[in-house]
Amino acid sequence: VVHCRRRICIYRGGQVVIENLGDAVRSEILHCRNGSGDPGSALEIELSDAHAAAQPGAPAESAAPVQPSAAVMQPGVAHVQPRTGTAPTSAASVHSSAATVQPSAAPVQSGAAPMQPNATTAQPSAAKRRRRRPKRTVTIDCKKHISSCKGTHSDVVLFFIHGVGGSLDIWKEQLDFFGKLGYEVVALDLAGHGASTAPKVGAAYTFYALREDMRAIFKRYAKKRNVLIGHSYGVSFCTFLAHEYPDQVHKVVMINGGGPTALEPSLCSIFNLPSCVLHCLSPCLLWSFLKAAFARQGAKEKQLLRDGNAFKVTSFVLRAMMSGQYWPEGDEVYHAELTVPVLLLHGLHDRFVPIEEDQRMAEILLIAFLKIIDEGSHMVMMECPETVNTLLHEFLLWEPEVSAGEAAENGQREESTK
């Protein structure tokens with residue numbers, strides 16, 4: 001049991017102060033070549049460029065949510081069911097030499113010389129600014145039960161969510177690996193992707209419509225301990241589910257998901273061109289994706305791109321997906337409120353997501369481990385499947401160390417419930 005206590009203060013100038021009040025989380029997973037250290041427990045982070053507060057309201061949906069197809073894996077068996085279906089058991093365990101990024105931003109030090117009585121310096125004004133009343137204060141105080149997922153467990157489910165242009169086929173190596181371990185895994189195709197239906201209404205591809213699809217899938221297959229694994233745009237849906245269902249989401253894995261910023265479509269983007277123009281440009285877009293999403297552009301990568309359906313979507317769906325990425329609520333404060341342990345995987349050669357964004361995410365999250373994969377790029381789960389599977393396996397097996405007093409308290413609690 002980890003006691004998560006956090007205070008988040010938002011000031012009018014856009015300043016966000018995050019104060020971790022709980023006990024430190026200690027783990028053997030931290031000892032690796034890419035970094036070390038424990039996630040901050042009694043640490044204040046000052047974020048100067050954060051968004052002030054989440055903007056209220058969400059665009060109304062003009063079309064009913066479209067249920068994406070779900071693929072359910074059994075050990076050694078894979079099949080795709082359109083829309084929904086039953087979820088047989090399949091397997092997921094995780095192994096990782098993951099590096100942890102410790103929130104490193106400390107309270108701002110003002111002045112070098114000690115204060116003298118009646119002295120005129122900039123220090124009093126800095127102290128005065130610190131004491132001003134925040135515009136909004138969010139307090140988190142909860143206890144998280146974090147345990148390992150060892151062996152075959154009937155109460156553990158792994159959810160795999162892909163990003164724009166992909167399909168559940170990008171997870172083939174992970175689904176095979178975890179299916180053989182006996183865990184239940186659920187992979188899905190977003191609307192308009194893979195085997196899912198492709199509505200002709202653009203509103204079906206907005207973030208708000210797709211997140212309701214994700215909610216329906218999650219509520220259909222969720223059990224006691226659920227692990228969310230998202231890639232790129234899919235990370236936003238994992239964040240939403242972890243924020244919405246904190247008691248049901250056990251752990252989260254974010255693969256090349258980017259920073260903790262609100263989603264907003266770009267006004268000056270090639271994807272704003274008409275669908276017919278994008279269709280004509282599709283060969284160029286495919287080649288550009290291959291160069292940006294894979295560390296190498298050899299025959300192997302081209303085969304992975306074709307067989308894995310890593311970027312196979314109609315021009316209409318692509319345009320609607322890119323223009324529908326509007327989620328003002330998903331800012332740094334929203335991410336800072338997450339209390340679930342998170343593993344961040346980043347391919348070093350990713351040209352879509354800069355490494356600084358994942359580092360920023362690791363700083364904001366309460367319990368976060370960042371692992372950089374040197375040989376990978378944006379589609380790292382396809383390029384380096386063994387490395388990714390090992391990291392995921394270790395993360396699933398990881399559980400925080402507890403002190404002797406906490407262990408005794410947990411034992412007494414378990415005895416009282418019997």
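How many of the residues of strand β10 (residues 249-255) are buried? The legends below start with the whole chain and then answer this in the second view.

**Figure 1. Overview of the predicted protein chain.** This is a predicted model, in which local features need pLDDT of at least 70, side-chain atom pairs count only at pLDDT 80 or more, and totals for chains, interfaces and linings use all residues. Residues are numbered from 1 along each chain as its sequence is written, and side-chain values use heavy atoms, with hydrogens and water left out. The protein chain has 13 helices and 12 strands; helices (H or I, at least four residues) and strands (E, at least two) are DSSP runs, numbered from the N terminus. Of its 418 residues, 52% count as buried, where buried means under 20% relative accessible area, exposed over 50%, and partly exposed in between (1.4 Å probe, protein chains only). The protein chain exposes about 18700 Å², with carbon and sulfur atoms supplying 53% of that area; accessible areas come from the Shrake-Rupley method with a 1.4 Å probe, and for residues only the protein chains shown count as cover.

**Figure 2. Strand β10 and its parallel partners.** Here is the answer to the opening question: 7 of the 7 residues of β10 are buried. Strand β9 (residues 225-231) runs parallel to β10 and is joined to it by 6 bridges, while 4 bridges join β10 to the parallel strand β11 (residues 342-347). Two strands pair if DSSP finds at least two bridges between them. M254 of β10 is the bridge partner of G230, and V253 has L343 in β11 as its bridge partner. Together with helix α4 (residues 234-244), β9 and β10 make a right-handed β-α-β unit: with the strands pointing away from the viewer, the path from the first strand over the helix to the second runs clockwise.

**Figure 3. Salt bridges around R215.** A salt bridge is a side-chain nitrogen of Lys or Arg within 4 Å of a carboxyl oxygen of Asp or Glu, and the whole structure holds 8 of them. The side chains of R215 and E212 meet in one, at 2.9 Å from N to O. Both residues lie in helix α3, 3 residues apart, about one turn of the helix. R215 is buried, because its relative accessible area is 16%, whereas E212 counts as partly exposed at 28%. R215 also forms a salt bridge with E244, the closest N and O atoms being 3.3 Å apart. That pair links distant parts of the chain, with E244 in helix α4 and R215 in helix α3, 29 residues apart.

Figure 4. R360 counts as partly exposed, because its relative accessibility is 24%, while E363 counts as buried at 18%.

Figure 5. K135 is found in the loop between α1 (123-130) and β6 (136-144). Leaving aside neighbours within four places in sequence, K135 is in contact with I10, Y11 and R12; contact means heavy atoms within 4.5 Å. K135 counts as partly exposed, because its relative accessibility is 48%.
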